[in-house]
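Me: I have a fold open and want to learn how to read it. Can we go feature by feature?

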Amino acid sequence: MIIKTYFRLIILNLLISITFSCNKDDNTDLSEDSDIPSSPNIMLIIADDMGLDATPGYSIGSIKPNMPVLQNLIDNGIRFNNLWANPTCTPTRSSILTGKYGFRTGVTKVGDELSTTELSLQKYLEQNASNYAHAVIGKWHLSNNPNHPNIMGVDYYAGLLSGGVQSYWNWGLTENSITTTSTEYTTTKFTNLAIDWVQNQSQPWFLWLAYNAPHTPFHLPPTELHSQGNLPEDQASIDANPIPYYMAMLEAMDSELGRLLNSMSQEEKDNTIFIFIGDNGTPAQVVQEYPGMRAKGTIYQGGINVPMVISGKEVSRINQTENALLNTTDLFATIANLAGINISSINDSQSFKGLLSNSNSTTRNYSYAEIGKDTGGTDYTIRNQTHKYIVFNNGTEALFNLSINPLESPNLLNTNQLPLSIEDNNAKIDLENRLAQIRQ
């Protein structure tokens, strides 16, 4: 079975390679009679709890999942090194949906509900690019109200309202306000829903596809979807060595993403922009290189520096790496820009569309992230090209020179590191001033 699965993944890799290489240099315009619209389709794919250390193409992390579909997106597009999300999924999703930092919307931690008075990306598209159909399929986690996605302006919603499931095979599926029990593997179900929705579109579309993989509970996915082998499935074995199960869940997501892409016609794929991101860092149980106390749930790099890969239509930079500073808030303006709306910034969102074709395109000078505390208060952080400054809710601070120590050691404000050099002190003053402007 292992050999069979291995060859299946090789074949899938070849199919996806053909998908992205065919007609890559073909500049033939679509005819007016074509069923495929000239405006690009946009597919935002969100992986749940996937940090840089678990992502192919990134140098951190020695154990990587076999993800040929994602690898082909990397090979045929741009890998971004410095995207900041928030440390947990709810505020990150809110930041994409609204283009705002969490303290502006009141969504800074898991459990916070996004107000329906906020202008969502989907509503913004309808107001300014009315020819776009849109859907959200998968994890929502911005409210447990089954009407919430539709009230926020989502045309079609089907997925998981809560932050997680007790079982990937037994969970509550909400489809346009109606919740039923699904016994289909979540990663497969979300893919099936996405395939059905895409095939029913006759106009340009924006699909927000939010897998809940590889979020806990760690488990062994269906054998045909991964290459980790016949691992034991008892909880004690999973708890003792969760990494291969976590990797298998990522591989299953990649396999199903490949099935979605293969269901699309070549013309439709050629006219689609694919954006793949992680919503926050890797969980402590399976994190690599970052200390466990600096992984998901923290504003250290292991919690907020997440992968992003963009490939497809509008992307002329092929197999390139981009080091520009970006926030997940920036996806709001960028997606709107890709949909044809003439916008460079809105709220806390700055479009980086220019980076898809020009490495010298102007982007932000600072990135910001935060996490609310259950006991009240917030930890927040800001960085520029070289330095990162953190203010903790307990009154302590941290300063790191990421250009020298990307894993954030040592804290330059520790007593044994003082006094600061002129360079470090100037960086701290600059970051403090900018932080005050952001949070005023």
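Me: Start with burial. What share of the 440 residues counts as buried?
Reply: Keep in mind that this is a predicted model. Buried means under 20% relative accessible area. Here 58% of the 440 residues pass that test.

Me: Where do nonpolar side chains go?
Reply: In soluble globular proteins, they tend to be buried together. In this model the largest nonpolar core has 53 residues. M50, I137, W197, L207 and M253 touch the most other members.

Me: Which helix gives the most to this core?
Reply: Helix α9, residues 243–262, with 11 residues.

Me: What is M253 in contact with, beyond its neighbours within four places in sequence?
Reply: A47, M50, M67, T187, Y211, A213 and F276. Another core lies apart from the largest one.

Me: Now the overall build. How many helices and strands are there?
Reply: The protein has 13 helices and 17 strands. Its radius of gyration is 21 Å, close to the 22 Å from the globule rule for 440 residues, so the protein is as compact as a globular protein of that length. The C-alpha trace spans about 65 × 55 × 45 Å along its principal axes.

Me: What part of the contacts joins residues 24 or more positions apart?
Reply: Count contacts with a separation of 6 or more. Of these, 66% link residues 24 or more positions apart.

Me: And the surface and charges?
Reply: The accessible surface is about 17,100 Å², with 46% belonging to carbon and sulfur atoms. There are 26 positive and 43 negative side chains. The centres of the two sets lie 5 Å apart.

Conventions
Residues are numbered from 1 along each chain as its sequence is written. This is a predicted model: local features need pLDDT of at least 70, side-chain atom pairs count only at pLDDT 80 or more; totals for chains, interfaces and linings use all residues. Side-chain values use heavy atoms; hydrogens and water are left out. Helices (H or I, at least four residues) and strands (E, at least two) are DSSP runs, numbered from the N terminus. The radius of gyration is taken over C-alpha atoms; the globule rule is 2.2 Å times the number of residues to the power 0.38. Buried means under 20% relative accessible area, exposed over 50%, partly exposed in between (1.4 Å probe, protein chains only). Contact means heavy atoms within 4.5 Å. Accessible areas come from the Shrake-Rupley method with a 1.4 Å probe; for residues, only the protein chains shown count as cover. Lys and Arg count as positive and Asp and Glu as negative; His and the chain ends are not counted. The place of a charge is taken as NZ of Lys, CZ of Arg, CG of Asp or CD of Glu. A nonpolar core is a set of buried Ala, Val, Leu, Ile, Met, Phe, Trp, Tyr and Cys residues joined through side-chain atoms within 4.5 Å.
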